[in-house]
Amino acid sequence: MTPRQRKELREHIDVSIRQTIDEIAALEARSAPIEPDCSLGRLTRLEAMGEQQVNGHALSEARIRLNRLKYALTRIDHESYGVCEVCEEAIPFGRLRIMPEATRCVACASRKEG
Ligand SMILES: [Zn+2]
């Protein structure tokens, strides 16, 4: 990875962290508990609860991503950044651009998931 690419990724991580913080704030607002005596009908209330569950899931995903991004930022100047933690091959720059918090190459990441 060239110093220029590293700088580009650092800026990308900074932006992603800010976006994720905004996303978390928006999701937190939307997944506030539903008042039991709210004037919604039963079906609407069930729908609202379903939506709340989806928001809650998105919220925990966003929090995990935020932690990973912050971790990536602490590692960006280290030699180990951008190197797959499993096979120790360099993670392609294209993947890091999309997912700067990645600690595994595509092959190792999909092996773990599959
Ligand atoms: Zn790998």
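Which residues are buried in helix 1? In this predicted model, local features need a pLDDT of at least 70 and side-chain atom pairs count only at pLDDT 80 or more, while totals for chains, interfaces and linings use all residues. Residues are numbered from 1 along each chain as its sequence is written.

The buried residues of helix 1 are Leu9, Ile13, Ser16 and Thr20. A residue is called buried if 20 or more other C-beta atoms, placed from the backbone, lie within 10 Å of its own, exposed if 12 or fewer do, and partly exposed in between. An α-helix has 3.6 residues a turn, so residues three or four places apart point the same way. The cover over the buried residues of helix 1 includes helix 2 (42-75) and helix 3 (93-98).

The protein contains 4 helices and 0 strands, in the order α-α-α-α along the sequence. Helices (H or I, at least four residues) and strands (E, at least two) are DSSP runs, numbered from the N terminus. The radius of gyration is 19 Å, well over the 13 Å that the globule rule gives for 114 residues, so the protein is more spread out than a compact globule. This radius is taken over C-alpha atoms, and the rule is 2.2 Å times the number of residues to the power 0.38. Along the principal axes, the C-alpha atoms fill a box of roughly 60 × 30 × 20 Å. Of the 114 residues, 12% count as buried.

The largest nonpolar core has 7 residues, namely Leu9, Ile13, Leu69, Ala72, Ile91, Leu96 and Cys105. Helix 1 and helix 2 are the elements that give two or more residues to this core. Such a core is a set of buried Ala, Val, Leu, Ile, Met, Phe, Trp, Tyr and Cys residues joined through C-beta atoms within 7 Å. Leaving aside neighbours within four places in sequence, Ile91 is in contact (C-beta atoms within 7 Å) with Gly82, Val83, Cys84, Leu96, Ala102 and Cys105.

Glu88 lies in the loop between helix 2 and helix 3. Glu88 has a positive phi of about 65 degrees although it is not a glycine, and is exposed, with 10 other C-beta atoms within 10 Å.

The mean pLDDT (the predictor's confidence in each residue, from 0 to 100) is 90, and 92% of the residues score at least 70.

Methods: Two residues are in contact if their C-beta atoms, placed from the backbone, lie within 7 Å.
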